[in-house]
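Please have a look at the model first.

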Amino acid sequence: MDQRAGPGPGSSAPRRADGRTATQLRRYTCDLGLQEQADGSALWQQGGTHILAVVHGPTQPTFGPSARRADPERAVVQVNVRAKEGIQGHQQKAWQQFVRKAVEGIVIAKLHPKCLIKVVLQILSEDGAVLACLLSAASAALVDAGIPLTTSFVASSCALSSEGNILLDASAREEQEAQAVVCAAFAYHLHAPHDEGPSVGQHAMACDTSGRLSVASLNALLQATRLSCAQIALLAHASLADVYKS
Amino acid sequence: MLPEIESATSRNDRVFIVKALAEEQRIDGRKPFDARLRKIQIAEDNSGVTVQLGDTKVMAVITADLEEPRADGGRQREGSIRFKVDVGPTVSFAADTTRLSEDEQLITRLLQKAIRNTGVVDLEALCVSAGRKVWALAVYVTVLDHAGALVDACFLATMAALMAHRRPDATVDASTSDITVHSPDVREPVPLSLHHTPLAVTFALFKEGDDLVMDPLLKEEAAAGGQVTVVVNTAGQVCAVQQLGGLGLSLEQVMRVVRIAAGQVEDAAAQIRAALDTHSTAQLAARVRRQQGHAAHAAKAKAAAFLDVALPPLSTLASVAFEADAAGPSAAAQHQEDTEMRMAPPPGVPAEQPTVVNASPAGSTQLQDVSDSAARATPDASFDAIAARIAGTQLTSAGEGKAVKQKSRARNRKSDAW
């Protein structure tokens, strides 16, 4: 992370390595419904991190280990995180568990007993905020698949740099050099009747931190993450609205 | 074939496809020897390439590791390259990830034959220290979506990835014979040296081999009697021919197929080169930006659609928790009234929401007044709870979201399933 305090035209904020200030998010896009044979899919691109999420379900778990896991009272959620090279390391397995718990929290599983809902997250490229993009992409794909959910969420991550600055949406290099990184997901709601746009709820659906940080810093980072999730929720809402318009 | 692909067509579909071909019409409007649109996207760090051939999407990633060379005498100075094709679970629900399916085996074998055995990659150039360390390349091809002509897309992705790949530069110290692998910041990574560029073209055969169709769709593959794949390089040399299925091809047909394939391969190779050129100019520009200093490019950065999130200063955020304790019941009451703390949308954001998606200048999304409202905002009781309970580092609080009406409207594709 490279913060130069040199004055730029029109702005005196110190800039990071890619020209952003500390409070600027990277450019991101969300495309729904790309895959032909899947029930729902989302391509979430945030800066250099691209994640393809594909949802199959609710469907019958007929073979393999999923058949043994079938639950007669609720749907079983299976999440598969695939790395670029196709080999799943322990990092991907940990992310898998994390995303599965988050997704299980929002899926109304009682509506589909003995069914399997499979979420496949393919990492196309990584450049920081991977877990946040995994969560956002999974939620967008679930919405695209039409699976009944209590709410949908978006996630974002912030880093606390070694100088004590909060950096929103840190890239891979900034995350490596940071003191601590916090990734949190927040539910977003659509206010359809008044059409005032989406808002982000108070409760964190999922939260993951790494590194050492004081309680005050954690609080600050969570607040910062929530504010950036509010911004990202605008995108998620807009992409959903586009799908319904076309 | 994957079970879902086999059931992709009904008998009516197959009869219609064959009948339409008799009049040189295909079901997506192409002529029999028209290719679909190709899109090539190269990753920023040159590690991989994603290509799209129509709706078929394939990603190829290349990794290079230093390893010991193979034990036989002749190969002590050569690196190695191996391929792994994975039809991922993003393609269909039925994809079995534990075993290699037939498709995967066939495509892997074809890649080995046409790329490794014909000497596309100069393996001797991959030698770092003879007999001790050589570069071992591994090509991981992941199929993201299968909509026909999978082999074509896999070859396109693999060749583009080989051309785009940059391996780290390694030097051997003459005196101590220590090998130093330089990071990309220190020394420019080195491209692979490739001798020729083979690419594959697949044809589907109908009606005893009389009707040929190039770059078949999934439905056409399912309706076809057989398929033939020709791998040709840009010099017009045939690298591999693979014919599967029951239909026979006459010799004239084979010659015709090779000729058509050669023309297609030239187009495809030119397209890869164009994509590489744009990619390298973009990388050069990014490197210049990084080295020249950011002040000079602050204006450009503003136009690159970074989104601003107005953040109150760290001290304000950090002290919100402690203010809550001090403020006590009045804060709690205010919090009750405003349980849904919405960011006050800045004037004009709702109208501009569609443009937020498409790289609008960052200036239009300044949430300047949010900072004031956030600073005065009601302290967040749930964060206080989290902060107070923090012991370890990982915390997963799944789902206490407000129950909202998530209406999935008529667009549900599988609505009859449930």
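When I say buried, I mean under 20% relative accessible area, with exposed being over 50% and partly exposed in between, using a 1.4 Å probe and protein chains only. This is a predicted model, in which local features need pLDDT of at least 70 and side-chain atom pairs count only at pLDDT 80 or more, while totals for chains, interfaces and linings use all residues. Residues are numbered from 1 along each chain as its sequence is written, chains are lettered from A and ligands numbered from 1 in the order in which they are written, and side-chain values use heavy atoms, with hydrogens and water left out.

Let me begin with helix α3 of chain B, residues 102–116, where helices are DSSP runs of H or I with at least four residues, and strands are runs of E with at least two, numbered from the N terminus. The buried residues of α3(B) are Glu104(B), Ile107(B), Thr108(B), Leu110(B), Leu111(B), Gln112(B), Ala114(B) and Ile115(B), and among the elements that cover them are α4, β6 (133–145) and β11 (198–206) of chain B.

α3(B) packs against α4(B), residues 150–164, at an angle of about 50°, with the axes 11 Å apart. That makes α3(B) oblique to α4(B), oblique being whatever is left after under 35 degrees (roughly parallel), over 145 (roughly antiparallel) and 65 to 115 (roughly perpendicular).

Finally, Thr197(B) lies in the loop between β10 (190–191) and β11 of chain B, and Thr197(B) is buried, with a relative accessible area of 14%. Leaving aside neighbours within four places in sequence, Thr197(B) is in contact (heavy atoms within 4.5 Å) with residues including Met159(B), Met163(B) and Val265(B).

Terms used: Axes are lines fitted to C-alpha atoms, for helices over the stretch in contact, and angles run from 0 to 180 degrees between N-to-C directions.
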